[in-house]
Structure formats: C-alpha cells, structure tokens
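Me: I would like to learn how to read a few features of a protein model. Please take them one at a time.

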Amino acid sequence: MVEYLNKLTPEELQKFEKFLLSVYFNSNKNLIKLLDLIKPHYPNVRNEDLIRLKIYQKIFPDKDVNYVKLRKLISDFTISLEKFLTQVGMEEDDVRNRIALLTLLRKKRMNKRFEMEIKDLFKIQKNKFSKDAEYYLNQILLEDEYFQYNYSEFKLEFAECLQKRSDLLDYYFIFSKLHTFHEMVFNEISKSKTFKKNYFDEIIAYVESNRKKIYSGHPNIFIIYLVIMLKNTMKDNYLKELVDYLKKNEKKFTRKNLSYYYYYVLEYYIVKLNSGQTEYRKSAFECIRLMKEKKLFLIDDVITDTEYNNVINIVLPLKKYAWLSDFIEEYKEYLDPSFSKDAYNLGKAKLLYDKKDYDKVFQHLNEVEFKDPNYYYNSKFIMGRVSYEMRNITGLQYIITNLRQYLRVKENLVPQQVSAIKTFNNYMTDLIKILDSHPSEKKTLKLILKKELDNNRTIVPNKNWFYEKIDEP
C-alpha cells in the first residue's frame, strides 16, 4: 500500500481522496480517516508510520487494538487504491470507454444515441494520424459494433464493414508482430541468442509490396518496419528514410512516440560507433542535440541509466565539455532512483577524466556502489587509465587482478561483459610490458599491440585511448 501511495502524483492523490469520498466507489468511512492520517507524510510514507501514528486508536478510539481488524483496514485501503488506479487507467482510454458505452446503447436499443455516438467515434478515429495497436483494436471494435447494430439489414445487403474489419485485423496483426520482431532483434543483440520469428518474411514482403499505402496511411507500421530493416541490414538508406519521415511528420506524432523513434535512430549510431565506425559520432551528436532540444530524452518523465550513459560516451570524444556537463546535471533528476547515484557519479568521473582532472575522478568513483556489473568494470576501467596516466603501475596491476577475480566469482555476466573485461586486461598488461621494456624493444611491442587492435573485430573498451598510448613517445 505504501509503495502505491508514494508513487501517486499530487493530482492523483487529490483524485484518490475524491474517489474515497464517493459513496458509489467506497462505503467505508474509515478509509477516508486512514488517508487523512497518512496524507501529511506523502510522498515519503513508510510502513513504520502506520504503527507510529497509532492508526487503530485514532480510528477506533473506544476499542482495544485488534490486529486482525487493523490488517483488514489496511487491506481494504489497498484494494480501494488498486481500484482507483484501474479507474484512472480506464479513463485514459476515452475511445475504448465510449465503445463500451456503444455496446450498452445497442443492447438497450437506444438507437438515436447510438448513431450519434458511433458517428462521432468514427470521425475521431479517422482524424488520428498515429495508428498503433490500440488504434487498430478500437477501430476493429467500432466496425464490429456497426455490423451488430445493422445486422438485420446486412442479411440482404453486402456488409462492406466486414472487409474493413478483416483489413484492420491484418494491420493489427502486422503492427503487433513487427513490434514483437523489433523487441526480439534488440534482445538478440544483448543476449547473443536467436528467436524463431514466425511470418517474418511474409510480413516484410507484404509491407514492401504495399509500401505506398502503408507509407501514407499506416505511419507506425512504416516506422517499425524501417527500424527492423535498419537493424537487420545496418544500411544507411533505411536510416535516411526513417529520419526524413520523422522530420516530415514530426508535428503529427506525440512527444512520447517521437522519443521512442529517435531512440531507435540513436541505437543505430551506437551500434555503428561500437563497431569502430567513428565517422558516425558527429551525426549521433546531432541526433542527441535534437532530442535534448525537443525534450525527447524523457519517457514518462524518466531517462534510463543506459540512455544517460550512452549520451556521455558518445559526446565525450567530441570534447563538448560544457554541453555535456549541463546534460549530466540536468538529467540526473530523471534517473531511476536505484541507479541515479551510480550513473551520475560514473558520468562525472568520465567527464573529469577526459578533462585530465584526475584528482577529482576518485571522489566520484568512490560514490559508485557497483550494484550492476557495468558500473563495476567501467569504474575499474577509469581507475586503471588514471593509474596508467599517473604511472602508478602497482595500483594498475592491483586493478587488473581485481577484474580477473571478478570474472571468476561472477557467474551471471553476459559474453559481451566478459569479453570487455578480458580485452581491457590484456591490452593494459601489454601497455605495462611496453613501459617496462628496453628502448630497443618498445617499437616492436607497440607495433604488435597496434596490429592486435587493428584486427580486433569485437568491442574494445577505450580503443582510441589505447591507440593514443601506443603513439606516445
């Protein structure tokens, strides 16, 4: 109950209070008393507050504490809160609610009202540019209501609405499958496994053979198709088509939709950069700058720590320190609380390291708690590079040893994480050998390391940094 209550917005809390005051939704006046007692502590209500506030004595002042009755009170409060959240969710889908009303009007034979309502709903749906799964499902239900209402007439007439409903079912299926294919492709990249994608070839072929119609009338399907082709082929022509389409229709999409779509564009640049194609960095920054300008980084007022870190990693090599510092500070407030401290401090450490402000780097790395493997080894990578720059070879060797031990004890690391740690350790060990080598051997050892870097087709953490160290006198 406490978790639900604290996550309500102030506006939702006010609505919940009205919900409890409504005799239609709530007949237990003690729930209103309970809300009045704990409301002053929102949004930081704790379970212990329920005991400290002596809720039972204040709600039932003339009775001894009955813990069964107290648990029942809290349970009823939680159930009412869940019902309220369900009601809020239903109210957000106005079209679906009105379709439910249509069904009721049809069954009660309130024909005049039904005809006015369905005409208005068809008009609302027709004016919608964005067409996602919710749109198609609502339109299918509308066509079904229209057919049911005119069922007796369609015994003698051709029911064109059935063809419309059939087509809508096709589009609903296509959109849903493409959306799932996209999630599969993304998950395959991160988990190194492959899903069975039934109807993939058929759906792609259908979209391509009906490209013109889908381009103009089904934008969400067209975009998700481009995104999938972009990830499958990694060809820039799909990227250009996607960006051009977004710019052309920018004002017709919601900000939330645009956020998702531009994140797809950014993902493409990240894959290219991770494969060593640094020529995409400036284009990636332009995408990032556009997203910040149009406030597209936030989805439901949240930016994930992965997206936050991606921006930092992309922009740092461009040396746009002032811009990046503003981003780090501005968006730290929108990170998930469970990762906000780690993401912020790792980001600051990266920025300070790149500015060669080494003394302040450790202040922030010491604040990282290492709950996630990515934060652990990325922090160690920065510590290792600082140790190398300051020629603290003993400290660097200690870090390499720590990373090796980490690989032995951590069994849930994905292959990319294992590869990143091993690669970093191997190349760092090679750099130490170069430092300790005789001047006559240094050139040969540097050439060997450079050749290894050139031929390495996996993701090499801090690859450009290693090249820089090789080129140092």
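Me: Is F370 buried, partly exposed or exposed, and why?

Reply: This is a predicted model. Buried means under 20% relative accessible area and exposed means over 50%, with partly exposed in between. F370 has 27% relative accessibility, so F370 counts as partly exposed. F370 sits in the loop between helix 20 and helix 21. Its phi is near 60 degrees, a positive value in a residue other than glycine.

Me: What is phi of K356, and where is K356 found?

Reply: Phi of K356 is near 65 degrees, again positive in a residue other than glycine. K356 lies in the loop between helix 19 and helix 20. With 59% relative accessibility, K356 counts as exposed.

Me: Which residues of helix 20 are buried, and why do they line one face?

Reply: Start with the general idea. An α-helix has 3.6 residues a turn, so residues three or four places apart point the same way. In helix 20 (residues 358-365), the buried residues are Y358, V361, H364 and L365. Viewed down the helix axis, they fall within an arc of 105 degrees, so they line one face of helix 20. The face turned away from this buried side carries the exposed residues D359 and Q363.

Me: What covers the buried residues of helix 20?

Reply: The cover includes helix 19 (337-354) and helix 21 (373-389).

Me: Which residues does a cis peptide bond join?

Reply: Look at omega: for the cis bond that joins Y42 and P43, omega is about 5 degrees. P43 is in the loop between helix 3 (29-38) and helix 4 (47-52).

Key. Residues are numbered from 1 along each chain as its sequence is written. This is a predicted model: local features need pLDDT of at least 70, side-chain atom pairs count only at pLDDT 80 or more; totals for chains, interfaces and linings use all residues. Side-chain values use heavy atoms; hydrogens and water are left out. Buried means under 20% relative accessible area, exposed over 50%, partly exposed in between (1.4 Å probe, protein chains only). Helices (H or I, at least four residues) and strands (E, at least two) are DSSP runs, numbered from the N terminus. The arc is that of the directions from the helix axis to the C-beta atoms. Contact means heavy atoms within 4.5 Å.
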